[in-house]
Amino acid sequence: MEIGRRSLTRTLSIAATLWLLLALVILASLAVGAVSIPSARFGVALKQILTTPMAEWSYEAIIIWRLRLPRVLLAAVVGAALATAGAVLQGLLHNGMADSYVLGVSSGASLGAAVVMLLGLKFTFLGLGAVAPAAFLGAVLALITVITIARRVAGKSTLGLLLAGIAMSSFLSAIVSLLVYFSNEKIQPMIFWLMGGFSARGWNHLLLVTPYLVLGYSLAFSLNRYLTAISISDQTAHHFGVNVEKTRLALLCSSALLTAASVAVSGVIGFVGLMIPHVGRMLVGHNYRKLLPASALLGAAFLTAADLLARVIVRPTELPVGIITALCGGPFFLYLLAKRRSEVL
Amino acid sequence: MNAIEISNLNFSFDKPVLNNISLQLRLGAFTGILGPNGAGKSTIVKILSRWFKPQNGTVRIKGQSLPQLSQRQLARLLAVVEQDTHLNSDISVRELVALGRLPHQSFFAEENGQDRKAIENALQTTGMTAFASRPLSSLSGGEKQRARIAAALAQQTEILILDEPTTHLDIKHQLELLRLLKALAEGGLTVITVLHDINLAALFCDDIVLLSSGNIVMTGAPQNVLTSEQIEAVYDCKVTVYPHPVYQVPQIALLKGTS
């Protein structure tokens with residue numbers, strides 16, 4: 001069929017462009033940092049990493065491998081996770097302004113993580129630290145509370161959901177600040193983490209979150225057709241034979257998992273989940289089969305680029321990356337709010 | 001076997017909506033459900049689609065007890081086009097129609113040849129083939145309604161239920177839609193639709209179900225159900241009923257006074 005083939009070609013070329021964009025952003029991020037590496041030596045270093053044993057590497061290769069690569073990859077997977085979580089929440093709640101940050105899910109996760117960090121719990125859960133599971137618990141509780149209150153108070157109105165989310169977010173952030181305030185000896189790393197960002201993150205952080213992110217993304221993607229149906233309306237999905245309640249629960253867990261794992265390693269980074277799915281819809285449309293991978297790739301490229309900016313703007317020190325995402329996301333949020341009256345989403 | 005068998009069904013939502021109704025709808029017929037606002041027409045549709053759960057009574061779809069069917073099984077038996085389809089998402093027509101295949105697809109299965117054929121057929125039957133790649137937001141009200149019906153047809157059920165599908169359409173598009181439904185019924189599909197326009201219902205439907213404040217007043221052929229006494233009693237307004245000059249079916253003309 002002619003239409004089918006043309007749309008397949010278009011989809012594949014968009015996919016190729018997004019992967020290329022991500023690869024370029026990652027390469028640029030590897031090349032730039034506190035230690036300047038001339039482009040000729042950068043090429044040599046990359047070649048060493050790929051072809052020779054570590055003992056023979058130059059110090060540039062070691063810097064790239066030990067310091068820059070894990071950090072850059074972490075920014076990419078967290079960006080992908082936050083964008084996916086936002087896309088899922090927007091479809092599920094029929095609300096283009098939904099996102100883990102706006103709905104207080106990130107704050108819930110940060111409270112869960114902060115409690116465990118302060119208690120200094122060292123036990124492991126499925127071989128992983130206790131921080132991520134605690135963040136997941138906080139995220140789920142915050143999400144369910146916000147959705148329940150918004151439903152009860154305002155039915156399905158956008159305003160009710162946003163207000164409940166903002167109130168929840170402020171309240172939970174205040175508790176986190178209170179916890180930090182009363183725990184002076186552990187304050188330094190906590191504040192570091194609270195500000196949100198990827199500085200001094202290494203391979204262990206990447207290994208800690210990747211399983212959660214893979215699980216969360218796989219869960220969302222495996223339900224992509226049901227999510228597309230629900231994003232039209234709950235009743236329509238029901239008529240197409242979708243068990244709406246169960247699917248919604250699974251998808252809420254998926255977005256909470258993606259948010260929680262992200263917050264556990266990089267603190268609260270706002271607005272990625274709000275903005276990126278809109279860009280994704282402009283590129284590939286509203287079908288979640290395409291929108292989820294597109295959002296993940298765009299989110300990865302965006303947050304990696306934001307982290308790059310955060311490192312170079314005030315060199316030799318760095319900005320928390322959350323400042324960059326909020327500088328883009330705040331105006332975007334207001335733009336959506338202003339535009340919303342005339343549009344469905 | 002009947003398409004739908006309802007017996008002693010009660011449903012209340014703060015106050016009673018359906019009072020102990022019993023109803024049989026024939027397989028292969030084009031049935032119109034009529035009645036004033038608040039009579040319980042949409043509630044019946046929502047109970048049949050299991051969006052609402054009745055307090056008591058039994059409902060059978062093609063002989064099978066409704067509560068015992070999974071949502072998937074139900075979606076293979078009957079397709080439902082909800083009232084005033086409010087589409088939050090802007091997928092393409094083809095993507096919407098493809099969702100009609102969900103009840104036939106296993107969890108990880110890709111779209112297969114059978115799915116593609118059902119989608120093509122549904123698009124063709126509704127005259128939407130040329131619109132396949134258009135986003136829903138670019139469609140007119142009538143086109144949107146046809147796209148939604150195409151998705152229901154892709155479910156390949158024996159029963160199609162619609163809740164006021166002609167609302168918001170002008171007379172040309174109302175007629176177009178009812179002609180489509182009539183053709184589907186003549187092709188063997190059981191079509192059950194809630195309608196507001198009594199004259200259009202009389203023109204197209206084989207059977208009429210007349211509802212009034214949660215009770216079934218009468219079911220049967222239009223000429224038996226649509227009498228002036230019955231309509232005046234149910235709608236509380238004065239009418240005269242006359243035979244259609246071309247098709248002889250009953251038509252109503254409104255009178256200015258009250259009953």
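Reader: How much of chain A is buried?

Author: In this predicted model, buried residues make up 51% of the 345 residues in chain A.

Reader: Helices or strands in chain A? How many?

Author: Chain A has 14 helices and 0 strands.

Reader: What box do the C-alpha atoms of chain A fill?

Author: Roughly 65 × 65 × 40 Å, taken along the principal axes.

Reader: What about contacts along the sequence in chain A? How many join residues at least 24 apart?

Author: 76%, counting contacts between residues at least 6 apart in sequence.

Reader: Now the largest nonpolar core. Which residues touch the most other members?

Author: A:Ala135, A:Ala260 and B:Val97. This core has 189 residues. Its largest share, 18 residues, comes from helix α3 of chain A, residues 59-92.

Reader: Take A:Ala260. What is it in contact with?

Author: Leave aside neighbours within four places in sequence. Then A:Ala260 is in contact with A:Ala109, A:Ala132, A:Ala135, A:Phe136 and A:Ala139. A:Ala135 is also among the core residues that touch the most other members.

Reader: Switching topic. How many residues of chain A are in contact with chain B?

Author: 22 residues of chain A, and they are in contact with 23 residues of chain B.

Reader: Which elements of chain A give two or more residues to that side?

Author: α1 (2-31), α9 (224-232) and α10 (234-239). The largest share, 5 residues, comes from α9(A).

Reader: How do the residues on that side of chain A divide: nonpolar, polar, charged?

Author: 7 are nonpolar, 14 are polar and 1 is charged.

Reader: On to chain B. Where is B:Ala152?

Author: In helix α5 of chain B, residues 141-154.

Reader: Is B:Ala152 buried or exposed, and why?

Author: B:Ala152 is buried, because 25 other C-beta atoms lie within 10 Å. The cut-off for buried is 20 or more.

Reader: What does B:Ala152 touch?

Author: Beyond four places in sequence, it is in contact with B:Ala79, B:Val81, B:Gly100 and B:Leu160.

Reader: How are B:Ser65 and B:Ser137 separated?

Author: They are 72 residues apart along the chain, and their C-alpha atoms are separated by 38 Å.

Reader: Which phi does B:Glu164 have?

Author: Near 50 degrees, a positive value in a residue other than glycine. B:Glu164 lies in the loop between β7 (159-163) and α6 (171-186) of chain B. It is partly exposed, with 19 other C-beta atoms within 10 Å.

Reader: What about phi of B:Gln248?

Author: Near 70 degrees, again a positive value in a residue other than glycine. B:Gln248 is in the loop between β11 (239-243) and β12 (250-254) of chain B.

Reader: Is B:Gln248 buried or exposed?

Author: B:Gln248 is exposed, with 9 other C-beta atoms within 10 Å.

Conventions:
Residues are numbered from 1 along each chain as its sequence is written. Chains are lettered from A and ligands numbered from 1 in the order in which they are written. This is a predicted model: local features need pLDDT of at least 70, side-chain atom pairs count only at pLDDT 80 or more; totals for chains, interfaces and linings use all residues. A nonpolar core is a set of buried Ala, Val, Leu, Ile, Met, Phe, Trp, Tyr and Cys residues joined through C-beta atoms within 7 Å. A residue is buried if 20 or more other C-beta atoms lie within 10 Å of its own, exposed if 12 or fewer, and partly exposed in between; C-beta atoms are placed from the backbone. Helices (H or I, at least four residues) and strands (E, at least two) are DSSP runs, numbered from the N terminus. Two residues are in contact if their C-beta atoms, placed from the backbone, lie within 7 Å. Ala, Val, Leu, Ile, Met, Phe, Trp, Tyr, Cys and Pro count as nonpolar, Asp, Glu, Lys and Arg as charged, and the others, Gly among them, as polar.
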